[in-house]
Each structure stands twice: as structure tokens, then as C-alpha cells.
Amino acid sequence: MKLIFATHNKHKVEEINQVLQSVVQVMSLDAIGCFDEIPETQATIEGNASQKSHFIYDKYHVDCFADDTGLEVFALDGAPGVYSARYAGEGCTFDDNIKKLLAAMQGIENREARFRTVISLILEGKEYQFEGVVEGTILTEERGVEGFGYDPVFLPKGYDKTFAEMPLSLKNTISHRGLAAEKLIVFLKTHL
């Protein structure tokens with residue numbers, strides 16, 4: 001079975017394919033010739049995931065899923081949250097976002113944070129949602145070169161390596177996206 005992942009982000013497709021490859025073949029939007037800018041205008045992570053999957057399903061009529069992820073820092077009242085990808089402004093880079101986060105966290109002792117991913121799956125016109133959460137802390141400086149986004153400054157609870165210092169195979173077993181994808185796999189195995 002093939003499922004369209006409503007993203008152009010090759011890192012995300014690579015990550016999710018490692019987890020889902022035994023159940024389904026995941027393809028990016030390029031596979032259906034979609035080069036649209038998919039709207040993300042909702043106020044919540046759940047809302048954005050749903051908006052993206054519905055956009056693809058309504059336009060292309062293919063089974064698909066979308067995810068939205070947010071880094072929620074407790075000392076920053078949950079920021080950057082739903083704005084994680086564009087925390088430093090429209091057109092910013094991962095590096096810009098990390099710099100802004102580290103500046104905002106300067107002098108703050110409570111560095112607890114969590115990554116939260118919500119996957120919205122549309123299968124034969126019906127939507128299902130799956131959530132994955134991983135708790136951790138924000139470091140004062142970047143460590144590691146793997147991964148993307150905030151991975152170099154996020155230290156998952158119970159580990160001494162950031163997501164950016166871990167091999168993808170380990171990150172996928174403990175990450176927010178990996179946990180949400182596991183729930184998606186269990187669902188697909190029982191429904192297909």
C-alpha cells in the first residue's frame with residue numbers, strides 16, 4: 001500500500017519511512033505532483049496536522065497523512081509550540097530558530113521542554129489522529145550534527161545524547177514523531 005505524506009521535507013519522509021517501511025510505502029507530495037504551499041493557519045498542532053491532510057485529500061483524493069510538530073518549552077509558556085518551524089520569522093532557517101530559542105532561554109534555570117507530534121491520517125475519507133510526546137530539556141549550546149530543527153539543543157529525558165547526536169535508528173524509537181508513527185502503524189496493521 002502507498003500513502004502520501006503531506007510534506008516536501010525529505011528529512012521527515014526519510015525518518016517516517018524507516019519506521020513505516022514494513023507496513024506501507026510512504027511517498028512525499030512530489031509523487032503526486034503537488035508543489036503547492038500547504039496552509040498551516042490553525043492555532044494548534046492538532047489543527048495544523050488536520051488542515052494539511054484535508055488539503056491534500058480534498059485536492060488529490062488520495063489516502064494521506066500529515067503531521068505537525070511543536071517544541072513546547074515550559075518556561076516560555078509553551079513557545080515556540082505551533083510556531084516552531086517559523087519561530088524566528090517567515091523564511092528563517094533551523095539555525096535562526098535555535099539562536100532565538102537559546103537567546104530567549106538565557107538565564108532561565110527551568111529548561112524543561114517537550115516535543116509533541118500529531119499525525120492526521122485520512123483513510124477513505126475518514127480522519128484519525130495519533131500523538132507522540134517526548135519530554136526533555138533545552139541545553140545551553142548545540143551538540144551534534146544529525147537530525148534537523150531543534151535536535152542539537154534537545155536532550156531527551158533519560159539520555160545523555162541530544163537527538164542530533166543519535167543515529168536515526170535510535171532517535172526513531174524514542175522521538176515524538178517515532179512514537180506517533182508507532183501508533184499509526186498499529187492502527188494501519190489492524191485496519192488494512
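This is a predicted model: local features need pLDDT of at least 70, side-chain atom pairs count only at pLDDT 80 or more; totals for chains, interfaces and linings use all residues.

Is Ala-49 buried or exposed, and what is its relative accessible area?

Modeller: Residues are numbered from 1 along each chain as its sequence is written, and side-chain values use heavy atoms, with hydrogens and water left out.

Now to your residue. Ala-49 is buried, with a relative accessible area of 0%. Buried means under 20% relative accessible area, exposed means over 50%, and partly exposed lies in between (1.4 Å probe, protein chains only). Ala-49 sits in helix α2, which covers residues 45-60. Helices (H or I, at least four residues) and strands (E, at least two) are DSSP runs, numbered from the N terminus.

What does Ala-49 touch beyond its neighbours within four places in sequence? Its contacts are Ala-66, Asp-67, Asp-68, Val-118 and Ser-120. Contact means heavy atoms within 4.5 Å. Take Ala-66: 17 residues separate it from Ala-49 in sequence, yet their C-alpha atoms are 5.4 Å apart.

Side chains of opposite charge can pair when their charged atoms come close. Glu-46 forms a salt bridge with Arg-116, at 2.8 Å from N to O. A salt bridge is a side-chain nitrogen of Lys or Arg within 4 Å of a carboxyl oxygen of Asp or Glu. Glu-46 is partly exposed, at 28% relative accessibility. Arg-116 is buried, at 10%. Both residues belong to a network of salt bridges that also links Glu-72, Arg-114 and Glu-131.

Go back to Asp-67, one of the contacts of Ala-49. Asp-67 has a salt bridge of its own, to Arg-177, with the closest N and O atoms 2.8 Å apart. Arg-177 lies in helix α5 (residues 176-191) and Asp-67 in strand β3 (residues 64-73), so this pair ties together parts that are 110 residues apart in sequence. Both Arg-177 and Asp-67 are buried.

For contrast, look at Glu-90. Its salt bridge is with Arg-86, and here the closest N and O atoms are 3.7 Å apart. Glu-90 is exposed, at 71% relative accessibility. Across the whole structure, a search finds twelve salt bridges.
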